[in-house]
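These are my notebook entries on a structure that I had not looked at before. I went through the chain as a whole and then through a few places in it.

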Amino acid sequence: MHSTQSGFSLAPEPFFSNFGAIITLAIFGTFIASVVTGVLVYLGGVAYLMYQLPLVECLMFGALISATDPVTVLSIFQELGTDVNLYALVFGESVLNDAMAISLYRTMSSKSSGQNLILVILKFLETFFGSMSSGVGVGFISALISF
């Protein structure tokens with residue numbers, strides 16, 4: 001199984017049986033990583049260790065940098081014959097955390113433009129669920145076409 005085909009060759013049963021854990025890691029893990037990274041960058045600026053940026057821009061940077069792509073880890077898991085559940089957790093989290101990071105970035109950029117909090121939350125929900133819906137739709141269409 002090559003890394004370019006990992007999504008096609010991933011067994012659906014381990015992915016869906018671990019879906020709750022995958023969603024938890026992707027949503028809460030990415031959110032926590034984004035906030036911690038953004039706050040640390042902000043504090044580094046306050047302490048004059050780096051260029052000082054406004055907090056919202058630091059949180060935007062945290063959202064950008066928090067999305068991980070563990071292609072190397074997945075290929076090592078493949079070579080070592082790691083448990084399919086662990087592979088499904090890492091693969092699923094890496095696929096879904098990108099959507100979360102994009103949603104967080106767009107939310108922070110809306111906040112930096114001065115929108116009120118309710119509009120920012122609505123923008124986050126629109127981006128997150130819109131991205132997820134289009135991804136699921138394309139996935140189903142691809143599955144139907146390939147069979």
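Before the first entry I set down what counts as a helix here: helices are DSSP runs of H or I with at least four residues, and they are numbered from the N terminus. I also note at the outset that this is a predicted model.

**Entry 1: the whole chain.** I looked up the secondary structure and found 7 helices and 0 strands, which read along the sequence as the pattern α-α-α-α-α-α-α. Of the 147 residues in the chain, buried residues make up 27%. The accessible surface comes to about 9300 Å², and 72% of this belongs to carbon and sulfur atoms. I then turned to the contacts with a separation of 6 or more, and 71% of them are accounted for by residues 24 or more positions apart.

**Entry 2: helix α3 and what follows.** Does the length of helix α3 agree or disagree with its residue count? Helix α3 covers residues 19–46, and at 1.5 Å a residue its 28 residues should span 40 Å; the end C-alpha atoms are 40 Å apart, so the two agree. The buried residues I listed in α3 are I22, A26, T30, S34, G38, V41, G44 and G45. Y48 sits in the loop between α3 and α4. Its relative accessible area is 69%, and because exposed means over 50%, Y48 counts as exposed.

**Entry 3: T30.** Leaving aside neighbours within four places in sequence, I found T30 in contact with L25, S66, E93, N97, M100, A101 and L104.

**Entry 4: helix α4.** One of the contacts of T30, S66, is also among the buried residues of α4, which are C58, L59, M60, G62, A63 and S66. I repeated the length check on α4, where 12 residues at 1.5 Å a residue should span 16 Å, and the end C-alpha atoms are 16 Å apart, which agrees. L55 belongs to helix α4, which covers residues 55–66. At 38% relative accessibility, L55 counts as partly exposed. How far is L55 from M108 in space, C-alpha to C-alpha? The distance is 9.8 Å, although L55 and M108 are 53 residues apart in sequence.

**Entry 5: the annotated spans.** I looked up the UniProt record, an unreviewed entry, and its annotation "transmembrane region" covers residues 20–43, 55–78 and 117–145. In the model, residues 20–43 are 100% helix and 0% strand, with end C-alpha atoms 34 Å apart. Residues 55–78 are 83% helix and 0% strand, and their end C-alpha atoms lie 40 Å apart.

**Entry 6: a nonpolar patch.** Which residues make the nonpolar surface patch of about 960 Å²? I found L117, I118, L119, I121, L122, L125, F129, M132, V136 and F140. One of them, I121, lies in helix α7, which covers residues 117–146. With a relative accessible area of 42%, I121 is partly exposed.

Key
Residues numbered from 1 in each chain as written. Predicted model: local features only at pLDDT ≥ 70, side-chain atom pairs only at ≥ 80, totals over all residues. Heavy atoms only, no water. Patch = residues over 30% accessible without salt bridge, like charges linked within 9 Å, V, L, I, M, F, W, Y side chains within 5 Å. Areas by Shrake-Rupley, 256 points an atom, 1.4 Å probe, with all protein chains shown as cover. Salt bridge = Lys/Arg side-chain N within 4 Å of Asp/Glu carboxyl O. Helix = DSSP H or I, 4+ residues; strand = E, 2+ residues; numbered from the N terminus. Buried < 20%, exposed > 50% of the residue type's maximum accessible area, 1.4 Å probe, protein only. UniProt positions renumbered as here; feature names shortened; annotations may be inferred. Expected span 1.5 Å × (residues − 1). Contact = heavy atoms within 4.5 Å.
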